[in-house]
Amino acid sequence: MVCGMRISWFLFSVDSLFWCLGRARRVYRRIGKTSPKYPCESFKMSSSILQSESPRNPRLTWEGCSVLLDINDGDRLVFARLSPASTLKIGNKSFSLKPLIGCPFGSLFQIENGGNGPHLARVMPSREEGINCQEMEEMKEEQVIKDELRDNRAIVDNNKAQSLSSEDIDAMRSQGATGDEIVEALIANSATFEKKTVFSQEKYRLRKQKKYAPRVLLRRPFTRSICEAYFKKYPARIGFLRLDALSLLLSFANVTANSDVLVVDLVGGLLTGAVAERLGGKGSVCNTYVGNNPNPMDIVRIFNFDDEICSRIMRSPLAELASSQVENSKPNGENKVGEQASHPVNMDESSLPSTDQSSDLNSESIVSPLTKVFKCAKAGDKAPPEVITTWKENGFTSLIIAAPQSDAWSLVKDLLPLVANSAPFAIYHQYLQPLATCMHKLQLEKMAISLQISEPWLREYQVLPSRTHPFMQMNAFGGYILSGIKIFNHQ
Amino acid sequence: MVCGMRISWFLFSVDSLFWCLGRARRVYRRIGKTSPKYPCESFKMSSSILQSESPRNPRLTWEGCSVLLDINDGDRLVFARLSPASTLKIGNKSFSLKPLIGCPFGSLFQIENGGNGPHLARVMPSREEGINCQEMEEMKEEQVIKDELRDNRAIVDNNKAQSLSSEDIDAMRSQGATGDEIVEALIANSATFEKKTVFSQEKYRLRKQKKYAPRVLLRRPFTRSICEAYFKKYPARIGFLRLDALSLLLSFANVTANSDVLVVDLVGGLLTGAVAERLGGKGSVCNTYVGNNPNPMDIVRIFNFDDEICSRIMRSPLAELASSQVENSKPNGENKVGEQASHPVNMDESSLPSTDQSSDLNSESIVSPLTKVFKCAKAGDKAPPEVITTWKENGFTSLIIAAPQSDAWSLVKDLLPLVANSAPFAIYHQYLQPLATCMHKLQLEKMAISLQISEPWLREYQVLPSRTHPFMQMNAFGGYILSGIKIFNHQ
Amino acid sequence: MLPTDELKKISFTRSVRDGDLVIVYERHDIMKAVKVCEGSTLQNRFGVFKHSDWIGKPFGSKVLSNKGGFIYLLAPTPELWTLVLSHRTQILYIADISFVIMFLEVVPGCLILESGTGSGSLTTSLARAVAPTGHVYTFDFHEQRASSAREDFEKTGLTSLVSVGVRDIQGQGFPEEFVGLADSVFLDLPQPWLAIPSAERMLKQDGVLCSFSPCIEQVQRSAETLQSKFTDIRTFEVLLRTYEVKESKTDSSQVDGSSVGLPPCKRRLRSKDSDDMHDDSSTTVMVRPCSEARGHTGYLTFARLRCPS
Amino acid sequence: MLPTDELKKISFTRSVRDGDLVIVYERHDIMKAVKVCEGSTLQNRFGVFKHSDWIGKPFGSKVLSNKGGFIYLLAPTPELWTLVLSHRTQILYIADISFVIMFLEVVPGCLILESGTGSGSLTTSLARAVAPTGHVYTFDFHEQRASSAREDFEKTGLTSLVSVGVRDIQGQGFPEEFVGLADSVFLDLPQPWLAIPSAERMLKQDGVLCSFSPCIEQVQRSAETLQSKFTDIRTFEVLLRTYEVKESKTDSSQVDGSSVGLPPCKRRLRSKDSDDMHDDSSTTVMVRPCSEARGHTGYLTFARLRCPS
């Protein structure tokens with residue numbers, strides 16, 4: 001228990017993680033603990049020194065910490081675990097992630113040519129480096145903005161504008177020029193740069209910077225960043241659960257410390273992780289499932305959950321939760337209730353990993369993992385009988401279902417009796433009709449009030465001087481949510 | 001034919017029109033022509049003088065012309081027919097509409113005290129009178145804008161701020177003070193006016209102006225204004241067909257001069273009128289119906305259609321269109337095909353007129369109509385056999401269905417064979433599932449391609465200095481549209 | 001309201017007690033917060049309800065009036081509270097609230113600064129998110145509003161999580177004692193740009209700020225101010241579209257033309273007896289968006305404090 | 001394209017002729033405009049199609065390639081044209097186009113001024129709306145763009161309804177010959193406020209102007225300029241959300257836990273044989289919004305010329 005701070009030399013990325021998922025999806029992997037190279041005491045001490053007031057919210061990375069690497073402003077998003085041996089491949093070179101250890105989240109890194117050859121080094125930000133999502137959006141919209149100051153009548157872009165050849169650039173590189181220097185050289189040698197509008201000049205610079213001086217931003221793996229990263233790169237893995245929809249589920253279900261939340265998580269563990277993050281190590285989240293095989297919750301491992309939080313994440317088959325007596329860890333217990341609860345309607349759009357890889361996988365790939373060791377093996381342990389007994393006695397304080405391929409009503413009718421009276425619940429679904437039917441049934445059966453189907457709507461804006469507008473591309477669909485409150489029914 | 005310019009002394013309003021509809025909905029009223037007091041020649045001449053280049057798009061009103069009166073910026077919307085005898089009730093007084101005859105559309109009127117007592121008189125606009133929809137929206141949002149210059153900490157609004165009593169105001173009025181003068185007096189006698197922010201001052205002035213110096217704006221009854229007025233005041237009457245959805249129907253169905261458009265119009269004639277407006281007197285619109293009773297299309301009368309346009313609006317029962325031979329105006333011909341085509345699913349939300357009146361009818365009511373005479377009796381005549389024959393030989397050039405309570409597929413399967421090969425069609429509906437089912441069936445039966453279900457989304461903005469934002473209230477639902485193109489099927 | 005006090009947590013065994021705050025639910029759009037008091041009564045259009053009848057009933061129970069009318073007694077949550085609190089200002093609703101808390105990365109133990117307090121709608125949800133060990137310091141320049149909010153937090157049992165200060169944050173900035181201690185800062189101010197330099201000093205490194213503004217001009221000016229010390233500046237709008245569900249008898253009999261224009265026999269689900277409904281084969285559940293909706297609340301601009309140079 | 005020429009109007013009897021413009025439909029998102037020419041062929045991934053095979057076939061027919069692949073031949077409409085025209089600039093799509101024409105009150109016989117012409121997407125729909133007696137005068141400052149547009153209008157048979165001029169409307173305004181003659185004016189310019197004074201002189205009394213701008217700052221500045229001579233100034237955004245339909249077998253057999261995570265047997269409707277589909281009882285048609293959508297095109301600002309004072 002005390003020794004739970006698992007440190008690993010495994011660098012895992014969305015890409016490689018999913019490759020595993022695709023291959024070994026039916027297997028609920030529980031890889032044993034490794035003997036940590038660094039004793040947990042040292043982490044605890046250092047963390048308590050650095051973050052005295054908020055041990056669960058550290059602002060600096062540490063060895064063994066999970067991080068999100070944002071390369072070139074969202075072009076690539078890689079989840080990694082920091083260790084002296086872990087590396088990140090950029091272009092055709094691998095770079096050690098060691099320099100990232102102990103740095104503040106939010107730090108920016110660039111490739112520098114030092115004594116030991118090219119390596120990642122922290123960039124001290126200055127004003128003009130404020131590249132952000134909005135500029136990214138801008139880049140996508142070549143034709144939208146008609147520049148007020150100049151226009152492009154005079155510019156013929158025929159690839160002859162650049163006098164620096166790729167051989168020249170290679171030569172510069174081998175002479176130790178930094179990426180930034182190469183970008184400056186490209187600008188100096190562009191025949192058209194001066195004729196471009198200020199806006200086009202910015203665009204040109206950014207394009208070249210991304211290619212020759214890529215940047216790696218170190219981000220915290222919070223629900224916010226994890227959900228955004230998955231939604232952007234692998235939406236099908238998380239059942240297209242958009243951040244605003246996820247945030248609504250947590251609100252509708254009144255998730256907070258000391259609550260006992262029952263979840264059906266067919267979104268890879270994102271929901272379970274998000275609930276656990278809100279519990280902060282107090283209360284519990286029970287990831288239940290129909291049948292004999294627990295639902296995968298690999299995403300939970302991306303969070304930097306400590307032992308306390310991990311221990312609050314449990315799983316339990318619906319059959320056991322719904323049975324009148326506690327079955328003492330009967331491993332493959334089949335149960336009628338469990339079977340009835342599942343009449344899935346196959347209707348999700350998620351496609352096979354192979355398809356995903358060809359469609360939205362980045363061409364640049366990730367270094368191979370050194371060891372397949374996972375942190376947080378404790379998270380998702382089977383709920384012990386005494387905990388199940390408590391849940392049965394008190395009822396769960398709320399229920400969240402995110403099972404895009406299952407029939408909402410089939411699940412709800414079995415799960416709602418497990419939650420306390422007056423407890424709120426929220427069900428996420430990709431299709432409207434199953435939720436409408438479910439709402440209707442709940443009304444007929446007088447099981448719940450305050451029923452509402454809602455659909456979140458999210459719009460991001462580009463806010464730039466004289467160029468403010470909603471993003472031109474938008475995700476038009478965040479799913480539907482049925483929310484309500486269980487009532488006490490005398491019968 | 002030549003003498004078709006029906007002039008009437010009937011002032012009809014949305015309110016009174018619907019009252020009639022509610023009471024006599026089952027009766028398809030065809031009230032005979034009245035002998036016009038003003039010969040049509042005089043209108044034709046004057047119109048040709050004033051509007052030489054665009055006789056169908058006159059810019060001045062005339063006697064007998066249908067107009068939309070917009071009172072206090074959309075607070076009340078009244079459709080009226082101008083005659084020397086028609087009146088409009090504002091507050092508890094009736095005002096003659098005679099001064100509106102011969103004025104340009106877009107003119108603004110206010111009550112003035114002249115020799116003959118209070119009467120409507122044209123206001124010559126000046127800059128500060130540019131009240132518009134945006135300011136209206138602003139009025140609704142008391143708390144939204146936090147004024148940058150001052151705040152309301154000091155203001156206690158306890159109704160004691162105004163030292164002018166209602167008796168004082170009555171006295172001013174009886175002494176012939178204009179509405180504007182009363183407004184100025186109210187401002188001068190307000191203890192808090194000076195302390196208000198500039199923005200609040202504007203609001204105060206506008207509120208008082210609406211009450212004491214109401215304004216009447218003279219608008220053209222075009223599809224734009226008719227649809228907006230109905231949608232605002234009686235959305236259920238037009239099946240909640242929002243302007244953007246209507247405009248899409250016309251586009252999807254490629255409506256233009258010289259086309260023959262088949263419509264199912266259960267939206268009060270709005271669709272038929274909109275199509276006729278686009279035909280401009282060339283081509284035809286056939287308003288078809290299932291069973292024996294034509295669908296009401298009273299809204300067509302609100303347009304200022306001339307005889308030519310009216311004559312292109314015809315109705316025909318589906319039974320006749322679909323039968324193999326032309327039935328010579330058999331008046332109540334029952335037909336199997338027609339019966340089969342109608343399996344309506346009752347699912348529209350439109351409520352009874354009585355409900356509507358209590359919910360969104362304006363408390364201020366309309367003068368009673370002088371004579372119930374309708375213009376455009378010709379519009380909506382039964383299609384003569386020779387026209388039906390032509391339609392059968394050539395096929396309709398497109399199809400539009402706006403029948404919110406009917407099953408889309410039941411209608412389409414009978415109607416689509418009547419349209420030409422490669423002809424586009426568009427179906428408006430309030431519910432998604434019937435359109436999805438319809439689309440599925442059309443695909444299975446290989447009847448159409450380029451099928452798409454779309455939902456229009458419309459957002460209006462307030463654009464004011466430092467106060468720009470989308471309207472706080474929005475209509476969140478514009479209905480669904482299934483569009484497609486009929487293909488030639490060998491079988 | 002929050003299960004920080006284990007004894008007040010809802011469960012199968014917990015019943016309404018004297019002194020409890022309950023949400024009286026009449027209809028989805030008619031609710032009221034009531035403090036249960038042995039000798040009191042509640043009167044509404046359904047009759048008179050005795051509080052003494054409520055005590056000992058499980059939460060979620062239906063209780064009857066003297067005339068046989070009924071209401072439900074619900075355990076309060078921040079979502080229900082948002083629907084019943086008294087509007088001293090324009091308030092934030094669930095869609096904005098949920099997104100703000102998620103995007104501000106608020107987790108248990110966080111220290112959050114907020115201005116203005118307004119009606120305390122967001123504050124209540126912030127408190128839930130930082131519980132049990134974090135704290136929300138919220139400020140309003142309006143003395144009376146602040147004390148009303150304080151009373152509300154007492155009522156909802158959040159005083160250990162929330163402190164309300166009276167302070168003009170635009171003019172004076174946040175108190176110096178919070179320099180470098182805030183995990184996140186939320187601004188709902190008419191001129192947020194005036195408060196941004198102070199917010200920046202309060203934030204921990206990599207901390208997140210959110211500014212809520214109804215007008216785009218406020219966003220433009222805030223974004224400009226944020227540019228110098230913040231990164232990852234992003235502006236969003238969040239709305240919620242609600243759907244209405246009703247059942248419709250699938251009527252396959254011929255309807256003659258004249259009646260097509262008549263309104264159908266509409267039956268809203270919530271006003272229906274379940275008894276006459278169990279022949280599911282002949283009814284269809286129909287669902288469509290509600291036509292009236294909140295069209296805009298405000299723009300949410302987020303920014304992350306740039307790492308020190 | 002338009003039925004102004006009765007002989008070209010689609011009907012049951014009208015077939016594809018030599019010289020016709022047809023839209024070759026492969027898939028809802030793969031279409032192409034082709035001029036039918038006796039001796040020509042069309043080659044695509046489905047094989048080689050001989051134009052001579054097309055002649056005499058009704059519009060809407062399926063025609064086969066040498067390899068048995070097929071396409072449909074459709075009669076052109078402005079909507080189809082918008083999907084196949086060459087993008088010389090950002091174009092307007094059906095939602096904006098439809099709303100603009102409706103809100104500008106364009107009816108047969110109207111005289112419309114437009115700048116810039118761009119790729120002629122809106123122009124084509126404007127021409128349809130003013131036909132047969134009205135006219136669209138459209139201007140672009142870009143010489144080559146104007147002549148490409150002219151060629152397009154020739155191809156689509158709209159030359160009697162549309163005239164294309166080369167002119168910098170922002171700099172020079174509309175030609176003086178149109179003073180007081182325009183029923184409506186449409187502006188799609190980077191600095192619309194520069195063109196508004198000219199547009200105002202061109203409009204008939206009560207005539208309507210529309211300005212399309214992607215950025216809110218352009219709208220703010222235009223609205224300010226419009227204030228002096230226009231009334232009924234309104235700004236909109238119009239978008240279209242599309243839905244995807246698929247069928248799903250309602251599978252009531254027990255699915256064991258491990259397979260729940262697997263993608264369902266998804267079958268898109270358009271790629272399906274109708275033969276194996278007629279047991280409707282076991283399939284459900286499922287519909288949901290497409291996730292990718294155009295999130296913004298531009299703001300549409302309308303204004304009506306105030307009546308002369």
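User: How much area is buried between chain D and chain B, and what share of it do carbon and sulfur atoms give?
Analyst: This is a predicted model. The contact draws 80 residues from chain D and 87 residues from chain B. Between them, chain D and chain B bury about 7,400 Å², and the share from carbon and sulfur atoms is 58%.

User: In chain D, which residues lose the most area to chain B?
Analyst: The area buried between chain D and chain B is about 7,400 Å². Three residues of chain D lead the losses, together giving 10% of what that side buries. They are D:F12, D:M102 and D:Y243.

User: Which element gives the most to the side of chain D that touches chain B?
Analyst: Across this interface, 26 residue pairs are in polar contact. Elements giving two or more residues to the chain D side include helix 2 (78–84), helix 3 (94–103), strand 11 (203–213) and strand 12 of chain D. The top contributor supplies 15 residues. That element is strand 12 of chain D.

User: How many nonpolar residues has the side of chain D that touches chain B?
Analyst: Sorted by class, this side has 17 polar and 19 charged residues. Its nonpolar residues number 44.

User: How many salt bridges link chain D and chain B, and how far apart are N and O in the one between B:R219 and D:D232?
Analyst: The count between chain D and chain B is nine salt bridges. In one of them, the side chains of B:R219 and D:D232 meet. Their N to O distance is 2.4 Å.

User: Which residue of chain B pairs with B:D70 in a salt bridge, and are the two buried or exposed?
Analyst: The closest N and O atoms of this pair are 3.3 Å apart. B:D70 lies in strand 1 (residues 66–71) and its partner in strand 7 (residues 215–219) of chain B, so the bridge ties together parts 149 residues apart in sequence. Both residues are buried. The partner is B:R219.

User: Is B:D414 buried or exposed?
Analyst: B:D414 forms a salt bridge with B:K413, at 3.8 Å from N to O. B:K413 counts as partly exposed, at 30% relative accessibility. B:D414 has 14%, so it is buried.

User: Which parts of chain D does the salt bridge of D:K229 and D:E200 tie together?
Analyst: The closest N and O atoms of D:K229 and D:E200 are 3.2 Å apart. D:K229 is partly exposed at 42% relative accessibility, while D:E200 is buried at 18%. The pair ties together parts 29 residues apart in sequence: the loop between helix 8 (216–226) and strand 12 (230–249), and helix 7 (residues 192–202).

User: Which element gives the largest share of the side of chain A that touches chain C?
Analyst: The contact takes 88 residues from chain A and 81 residues from chain C. Chain A and chain C are joined by 26 residue pairs in polar contact. Among the elements giving two or more residues to the chain A side are helix 3 (133–140), helix 7 (223–233) and strand 14 (448–462). The largest share, twelve residues, comes from strand 14 of chain A.

How values were computed
Residues numbered from 1 in each chain as written. Chains lettered and ligands numbered in written order. Predicted model: local features only at pLDDT ≥ 70, side-chain atom pairs only at ≥ 80, totals over all residues. Heavy atoms only, no water. Salt bridge = Lys/Arg side-chain N within 4 Å of Asp/Glu carboxyl O. Helix = DSSP H or I, 4+ residues; strand = E, 2+ residues; numbered from the N terminus. Buried < 20%, exposed > 50% of the residue type's maximum accessible area, 1.4 Å probe, protein only. Contact = heavy atoms within 4.5 Å. Buried area = accessible area lost by both parts, 1.4 Å probe. Polar contact = N/O pair within 3.5 Å; in protein donor to acceptor, adjacent residues only side chain to side chain. Nonpolar A, V, L, I, M, F, W, Y, C, P; charged D, E, K, R; others polar.
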